[in-house]
Each structure stands twice: as structure tokens, then as C-alpha cells.
Amino acid sequence: MLSPISIFCCLATLSLSLLLHSHKTICANSNETDRLALLAIKLQLHDPLGVTSSWNNSMSLCQWTGVTCGRRHQRVTRLDLRNQSIGGPLSPYVGNLSFLRYINLANNGFLGEIPPQIGRLNMLEGLVLSNNSFSGTIPTNLSRRSNLIELSVDTNYLVGEIPSAIGSLFKLERLFIFHNHITGQLPASIGNLSSLLAFDVRENILWGRIDSLVQLRNLRLLDIAFNHFSGMIPPPIFNISSLEVISLSENRFTGSLPVDAGVNLPNLRQLSPNGNNFTGSIPVSLSNASRLEMIEFSRNQFSGRVSVDFSRLKNLSFLNMGINNLGTRTANELDFINLLANCSKLERLYFNRNRFQGVLPQSMANFSSTIKQIAMGRNRISGTIPPGIRSHANLNWLTMDSNLFTGTIPPVIGELKNLQLLDLGGNFLQGSIPSSLGNLTLL
């Protein structure tokens, strides 16, 4: 007969065995939930490359292509199927992958609506669905995922408005919604996204004012191009010192740019307010934005003298001031060309269709060898075509049409072997066309 102590030890051993078995069963069942969810996702996919062929019972799901598991619980934490030519709808069963932190399905052919069940993934930090054929609206319940750092649903066929509840994603750093069919105004709650580094909603049908953006004090990328935004640009935008890119292109903005627009932008690399209705002068303070690489002011109504000290912009490679009302018809208003001669990385220069007049500075011959395109047509520039133009061996585009140039066409233009476009029409040039132009075989 067993003693009470022996009976107790037996019962304790049995209980421990049952507990361990129960724990293993729970873990297995949890892992099984992920396995069944992934198989349900696979069932709806068109997978011509057989990327998900490894999703079967012959191996652990943690070894399946595109699947990453956590070390501790062996639960699925990442689903990465980017660039795999996969198509079809995304199954709602994705919402059963409860440990999922990161989803990347970019550059595929997924279609249908974004499953709202994704909003159940409490641990989700990154959702990248870029460049697919998703339709419908942005799921409102994504705003409940407080750990979300990146939301990229760009280049799809999404409609509707940006959910106002998105302003509750306080950890969000990257918000990419560009190239969709999103409508409406920017919700005021956008200003609550204090961690936001990149905001890109270009190529949609958004309208209204952008006042809420001034609160995004950590922003590096601001791209709202090709929409229907209007009104004046809030001056505090130009006080966000972290900004590297400001793209306002092709909207309906009016008013002038602040005179101190360049004072507080030490990191700015691109400034593109082109294709709007801006007036006034180009701010001289842009001389302070010494990291500028691209300035795009074309197709506005800017006027007056260009007084920016371009010599301080050592990284400038692109400058477009075309199609404005620039120029004062006073002496030396083309002096900005002297300053551009110090921009050793300059590749493209456009100041066509303005009101500039006077003689081209000889310093134009000192432009960097990197210069590829120069457009100065439709102004009132006079004098002769400087023979120093021969030094621009990489030039492939030169338009000087509809000005007041006199004299003859310099034969040295025939040395510009890379020239593909040459327009000297609408001037007062005389003499014959140099035979050396026959060397321009790319024209």
C-alpha cells in the first residue's frame, strides 16, 4: 500500500505532465492558427512563379518563403512577398496572424479591397501595399493600430477620403498614399502625427488648405504635388528645419513665398512650387539653403529681379525659372548667370519665357562641364551668341529662340557633338548656316 507521501508525489508528477502537455497543445494550436491562415491566403492567390509552393505540410511554416517567425513562440511576425508577380485578393484570414508586425506585398498584382481584418493586428508596425491594384477605401480601423510606424498604400486604385481617425497614429513615421484616387480635404487630425518624417499624397484629387501640416515639426519629406490644393502656403511650413523636400507642384496655390523662406531650411535639397499661381519675387533668402540641389519655380507668375546668391548653392544641379514674369528690364539683370558659374554640379538651367533683357554674360562659358540643358528662349536677350558656348561638350539641349540676338551663328556650335535640340529661331541672326553644324549627328 502506497504511503500518503508516495500518493502525493504521483499526483504531483501527473499534474505536471498534464500541465506540460496542455502548454504544448496550446502552443501547437496557436501555431496551427497561423498555418491555417496562411493556407487560406494562399488559396486565393494567383502565383505564377510558385513562390508559395513551399507553403505545405512538408516543412515548418517558419521555413515557408516570405514568412518569418518569432524565436520564442514560433508565431508569424513578418509576411514579405514583395516583387513576386503575385495576384488575386488578399484573404481576410490575414487578420488571424495575431503576432504579425510587418506586411510587405509591394510591387505585385493584388486586387480587391484592403481587408479591414488587418485592423485587428494589434502588434502591426509596418503595412506596405504599394504598387498593386487594391481598390476601395483606406480601412478606418487601421487607426486603432497604435504601434504603426509605416503605412504605404501608394500606387493603387483607392478612393474615398483620408480617415480623420488616422491622426491617432502617434508613432507613424511614414505615410505614403500617393498615386491613388483619394478625394476630399486633409483632415485636421493630420497635425497630430508628431512623429511623421515623410508625408506623400501626390497625384490624388485632394483639395482645400494645408494649414494642418505646419504642426509636423519632424517632417523631412513633404510631397503634395498634382492635387487641387489652394490658398496661400502657411509661412510656418518654412520653419520646419528638418525638411529636405518640399514639393507643391501642380496645385492652385496663390500668394507669394515668405521673404525668409530659406532662412530656417538648412537641410533642404528640393524646392518645387512649380505649376501654381504664385506671385512676387523669388526669395533672396534661398541663398541660405546651401544644400539645395533642385529648384523648380516654373509656370507661375513670379516677377522682379533674380537676386539669389547661387554661388552659395554648391550642390545645385537643376534650376528652372521658366514661364514666369521675371526680369525688370534694367541693366545687369542677367548677373545671376555669373553666380551660377560657381555651381560645379549644374546640369539643367531653364529661364525661358520671361522678361529678361540685356547681353549674356561671358561667364556663361565658365559653366561646369556637367551642364546638359540650357533654355533661354522667349526673352529679350540681345548681343551675339558667345563663342564660349563651345566649352559645354555635354550639352544636349540649347534653346535661344525668340530673343534679340544679332550677328552670325558661331561655327563652334558644331563642336557640341551631343546636341540633340538646337533652336535659334526668331532672332536677328545673319549670314549662312555654318557647315560645322553638319557634325551634329544627334540633332
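Colleague: Which is Cys 69, buried or exposed?
Modeller: This is a predicted model, where local features need pLDDT of at least 70 and side-chain atom pairs 80 or more, while totals for chains, interfaces and linings use all residues. Residues are numbered from 1 along each chain as its sequence is written, and side-chain values use heavy atoms, leaving out hydrogens and water. Buried means under 20% relative accessible area, exposed over 50%, and partly exposed in between (1.4 Å probe, protein chains only). At 16% relative accessibility, Cys 69 therefore counts as buried.

Colleague: Good to know! Which residue forms a disulfide with Cys 69?
Modeller: The structure holds 1 disulfide, meaning a pair of cysteine sulfur atoms within 2.5 Å. The link is left-handed, with -95° about the S-S bond. Sitting 2.1 Å from the sulfur of Cys 69 is that of Cys 62.

Colleague: Which residues touch the most other members of the largest nonpolar core?
Modeller: Such a core is a set of buried Ala, Val, Leu, Ile, Met, Phe, Trp, Tyr and Cys residues joined through side-chain atoms within 4.5 Å. Of the 116 residues in the largest one, those touching the most other members are Phe 199 and Phe 310.

Colleague: And which backbone oxygen does the side chain of Asn 132 reach?
Modeller: Asn 132 is buried, with a relative accessible area of 5%. Counting contact as heavy atoms within 4.5 Å, and leaving out residues up to four places away in sequence, Asn 132 touches residues including Asn 107, Phe 110 and Tyr 157. At 3.1 Å, the side chain of Asn 132 reaches the backbone oxygen of Leu 129.

Terms used
A polar contact is a pair of N or O atoms within 3.5 Å; within protein, one must be able to donate a hydrogen and the other to accept it, and residues adjacent in sequence count only if both atoms are side-chain atoms.
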